[in-house]
Amino acid sequence: MIKKAGYLAVTVSLILGISQGAFATVRTAEDETEGALNPEEEEELEEAEKAAEEEEKKEEESEEEDKKHMKIALSIPNSQTDSLAGQAKYIGQRLEELGYIVDLRFAWGEASIQKQDIEKWTDEEVDLMIINPVDPDALPESLKAAGEAKIPILCLENMITNTQDVDYFITYDYLGLGKKMGEYIKEKAVLEDVSEENPKTIEFLMGAENDAANFLFYTGLMETLSPYLDNGKLIALSGKTAFDEVGREGETFQEAQDRMSWILEDYYPDKAPDIICTASDQLAEIAVWAVQDAAYEKKSAAHETSKEDEPEGDESDEEAAQEQSSWPLITGQGATVSGMNNLISHKQAVTSYGSVEKLSLVCAETADAILKDKEIENAVDQYDNGLKIIPAVLSEISLVDISTYQEILIDTGVYEVEQQIKIP
């Protein structure tokens with residue numbers, strides 16, 4: 001837009017050639033050395049500016065009109081969970097607010113339906129696709145034609161593997177979450193004050209080792225915890241701390257529970273680990289069950305009963321007995337119903353919550369930026385899909401513990417508390 005203040009180098013060509021030189025006598029700020037503008041020249045300048053402003057307004061309106069005809073395809077696995085239904089709702093609403101036509105389709109848990117939808121959208125030459133895959137391994141061939149047609153493709157929440165045709169990955173910041181969880185453990189276990197002579201103990205349940213989110217969480221976690229594992233202030237008596245040792249691909253929950261029970265039985269016969277760090281609330285619940293099955297409280301009570309026949313000891317013995325019966329700091333992720341109930345009953349110390357609405361808005365704004373040819377400045381290179389590193393745009397995840405769950409989950413309406421946590 002040409003601004004009046006300073007008479008910004010107005011030229012006939014810059015003013016769109018309006019009237020083929022009708023304003024050829026208009027002078028610029030550079031001409032002021034020849035004398036002040038006379039009233040006729042000032043009037044001509046104002047008319048030129050007005051014409052330029054009107055032309056710019058028309059161009060903006062034309063761009064908005066063109067955008068209204070742009071179609072964005074949105075594929076969601078199903079509508080049977082609050083998370084997926086929320087993605088459909090929030091992404092669709094935001095894109096429509098931005099002026100796009102949204103073609104939302106649910107795949108109803110069938111990769112074959114999702115493939116058919118992608119092929120249909122490719123034939124229609126939609127302007128952009130957003131796909132949350134039913135099966136991340138099943139879509140590369142279906143996306144090939146879309147990639148050849150230069151249709152931008154955003155992968156949402158679950159990485160589509162072994163394809164060159166995904167442009168961006170929209171997901172939660174699991175690396176950042178791991179860093180936050182590491183700091184939480186460091187603070188709550190007071191690792192700075194721990195001595196090598198009396199270290200804290202820790203065990204890990206990380207879930208599937210082929211899950212990129214698990215690996216990033218673990219990587220962020222270890223940024224904080226590795227120094228304490230290295231200097232002996234924090235130890236895993238099982239010796240299992242590497243990701244390929246604590247993460248198990250294809251492991252059932254029963255197998256994970258058996259693994260946790262075996263660790264406790266073999267390495268912690270009298271006292272639970274000080275910390276059990278897991279990659280989900282489901283795994284945290286397994287840790288809770290395993291600790292309960294180990295019956296440390298009964299062992300501690302039996303120990304106390306046997307002590308009644310012994311001479312009185314000093315206070316340090318009582319402190320040791322109290323410490324022996326203490327419950328471990330158990331961490332999880334996901335703010336599930338079971339996780340929240342364990343948190344409120346003080347069996348689980350902390351979980352995490354990623355806002356579906358925030359993730360959805362990140363997705364919609366990224367799609368809008370792509371179609372406006374804007375640079376995605378906040379993208380990071382974290383995810384390898386097997387063929388290339390996919391730039392990721394991340395949504396923050398919050399830690400939730402007994403002191404913050406009311407503010408983060410209840411006051412915002414994510415959950416309601418009656419007799420127990422329940423989904424609204």
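Predicted model: local features only at pLDDT ≥ 70, side-chain atom pairs only at ≥ 80, totals over all residues.
Visitor: Which residues of helix α4 (residues 140-148) are buried?

Guide: Residues are numbered from 1 along each chain as its sequence is written, and side-chain values use heavy atoms, leaving out hydrogens and water. Helices (H or I, at least four residues) and strands (E, at least two) are DSSP runs numbered from the N terminus, while buried means under 20% relative accessible area, exposed over 50% and partly exposed in between, with a 1.4 Å probe and protein chains only. For α4, the buried ones are P140, S142, L143, A146 and G147.

Visitor: Within what arc do they fall, seen down the axis of α4?

Guide: Picture the directions from the helix axis to the C-beta atoms, as these set the arc. The buried residues line one face of the helix, because their arc is 150°.

Visitor: What covers the buried residues of α4?

Guide: Here it's contacts that count, which means heavy atoms within 4.5 Å. The cover includes one helix, α3 (111-124), plus the strands β3 (128-131) and β4 (153-156).

Visitor: Is I76 buried or exposed?

Guide: I76 sits in strand β1 (residues 71-76). Beyond its neighbours within four places in sequence, I76 has contacts including L84, F106 and L156. Its relative accessibility is 0%, so I76 counts as buried.

Visitor: How far apart are the C-alpha atoms of I76 and V134?

Guide: Along the chain, these two are 58 residues apart. In the model, their C-alpha atoms are separated by 7.9 Å.

Visitor: At what angle do helix α8 (residues 253-267) and helix α9 (residues 281-294) pack?

Guide: Axes are lines fitted to C-alpha atoms, for helices over the stretch in contact, with angles from 0 to 180 degrees between N-to-C directions. The axes of α8 and α9 are 9 Å apart, and the angle is about 45°.

Visitor: What does that make α8 relative to α9?

Guide: Under 35 degrees counts as roughly parallel, over 145 as roughly antiparallel, 65 to 115 as roughly perpendicular, and the rest as oblique. So α8 is, relative to α9, oblique.
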